[in-house]
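Subject: Structure handover

Hi,

Here is the structure for your files.

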Amino acid sequence: MIDWDNLWLAWRRAAKGKRGKPAAAAFELHVADHLLQLQDELSDKSYQPGPYTHFYIHEPKRRKISAAPFRDRVVHQALCNVIDPIFDARFIHDSYANRRGKGTHRAIDRLQHFARGYPYVLRMDIVKHFPSLDHAVLLDAIGQVIDDTDVRWLVETILSSGVGVLADEYEPVYFPGDDLFALNRPRGLPIGNLTSQFWSNVYMNRLDWFVVQGLGCPAYLRYVDDFALFADGKAQLWRWKEAIVEFLQGLRLTIHASAAQVQPTTQGVPWLGFVVYPTHRRLKARNAVKFTRRLARNIADFRQGRISFAELDASVQGWIAHVAYADTWGLRSRLFGEKAIRGQ
């Protein structure tokens with residue numbers, strides 16, 4: 001993990017798309033010195049993560065993002081370079097978040113494939129997913145695969161740096177067998193860390209295999225904390241829901257129970273910003289409204305000279321590339337007809 005080649009690769013990956021940012025540029029100015037220092041600190045275990053910078057995003061919902069210092073992001077990447085492939089080989093095929101060759105659009109394709117083959121679906125999601133992930137449960141899952149004291153030290157060091165970061169985002173839940181000290185259990189993974197995204201899959205992998213092997217569900221997929229099960233009958237899905245709720249107690253997680261309903265696939269399945277039907281896909285109405293408002297703001301900023309036409313165009317093209325995965329031609333034609341603007 002601390003070989004020079006791996007640290008160099010970690011720096012290049014951490015800096016990708018960010019080399020113009022001050023923190024990444026400052027690191028690059030003396031990159032060899034910084035990497036040698038990290039190599040020494042990791043070797044003698046004197047490495048300590050720096051403080052996070054916090055900010056909030058509001059789309060698709062309000063979330064607290066915690067950005068680690070750039071040098072720590074290099075360390076996160078160095079760790080994931082080595083252990084990610086080991087775990088990825090143990091993940092189920094239909095886990096789509098934060099994995100090479102997977103992603104949002106493939107998850108949408110797969111869900112529609114299942115919707116075409118089964119009449120009923122049960123979609124579920126976790127309450128406050130990243131804030132609720134329990135460190136002891138995660139370390140146990142990692143320890144069952146990685147038996148290396150140096151790696152475990154680094155994992156625990158990174159985990160400890162995020163303790164309390166999301167404490168104000170989650171109200172602890174008591175599970176069967178808990179005592180009063182359960183409230184003090186370290187939990188939460190800072191949203192924004194590469195390691196958090198990776199460890200989320202490690203954490204939820206137990207659920208994936210429980211559903212696929214333990215329950216024998218033939219059509220299941222997951223994207224972060226959103227997951228869906230398909231079956232030929234409603235009763236089967238209701239039984240699986242009860243089993244999953246009980247299993248998740250062992251992972252110290254809960255679901256949004258009121259939203260976890262069995263429904264016909266012909267009614268459309270809400271999934272990653274779209275509503276997916278067996279025959280077509282639609283963009284969620286609120287997402288269209290949000291983009292319309294953002295486009296109006298960006299056009300105003302362009303006309304006032306606050307952003308360039310290239311920046312305005314990049315925002316539009318990114319949105320088009322995303323929503324093109326649904327039946328949105330009419331929406332796009334109407335929207336850009338109303339908001340037509342020329343470059344200057």
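Below is what I found, from the overall fold down to single contacts.

This is a predicted model: local features need pLDDT of at least 70, side-chain atom pairs count only at pLDDT 80 or more, and totals for chains, interfaces and linings use all residues. Residues are numbered from 1 along each chain as its sequence is written, and side-chain values use heavy atoms, with hydrogens and water left out.

**Overall**

The protein has 13 helices and nine strands. These are DSSP runs numbered from the N terminus (helices H or I, at least four residues; strands E, at least two). The radius of gyration is 22 Å, close to the 20 Å that the globule rule gives for 344 residues, so the protein is as compact as a globular protein of that length. That radius is taken over C-alpha atoms, and the rule is 2.2 Å times the number of residues to the power 0.38. The C-alpha trace spans about 60 × 60 × 35 Å along its principal axes.

Of the 344 residues, 44% are buried. Buried means under 20% relative accessible area, exposed over 50%, and partly exposed in between (1.4 Å probe, protein chains only). Take the contacts (heavy atoms within 4.5 Å) between residues at least 6 apart in sequence: 72% of them join residues at least 24 apart.

**Core**

The largest nonpolar core holds 99 residues, and Trp 199 and Leu 229 have the most contacts inside it. Helix α4 (residues 70-88) gives the largest share of this core, eight residues. A core here is a set of buried Ala, Val, Leu, Ile, Met, Phe, Trp, Tyr and Cys residues joined through side-chain atoms within 4.5 Å. Beyond four places in sequence, Leu 229 contacts residues including Tyr 120, Met 124, Val 211, Trp 240 and Ile 244.

Gln 77 is also in helix α4. Gln 77 is buried, at 12% relative accessible area. Outside four places in sequence, Gln 77 touches Ala 10, Arg 13, Ala 14 and Leu 194.

In helix α7 (residues 135-143), the buried residues are His 135, Val 137, Leu 138, Leu 139, Ala 141 and Ile 142. They pack against α4, α8 (149-161), α9 and α10.

**Aromatics**

There are eight aromatic pairs. Rings of Phe, Tyr and Trp (its six-membered ring) pair if their centres lie within 6.5 Å; planes under 30 degrees apart are stacked, over 60 edge-to-face, the rest tilted. Phe 87 and Phe 198 are edge-to-face, 5.7 Å centre to centre with 75 degrees between the planes. This pair links helix α4 to helix α9 (residues 194-214), 111 residues apart. Phe 87 is buried at 3% relative accessibility, and Phe 198 is buried at 5%.

Phe 210 and Phe 247 have ring centres 4.2 Å apart and planes at 5 degrees, so they are stacked. Phe 210 is in helix α9 and Phe 247 in helix α10 (residues 234-250), 37 residues apart. Phe 247 is partly exposed, at 27%. Trp 4, Trp 8 and Trp 11 form one aromatic cluster.

**Charges over rings**

The charged end of Arg 62 sits over the ring of Tyr 56, 3.9 Å from its centre. That of Lys 102 sits over the ring of Tyr 96, 5.1 Å from its centre. The test is NZ of Lys or CZ of Arg within 6 Å of the ring centre and within 35 degrees of the ring normal.

Best wishes
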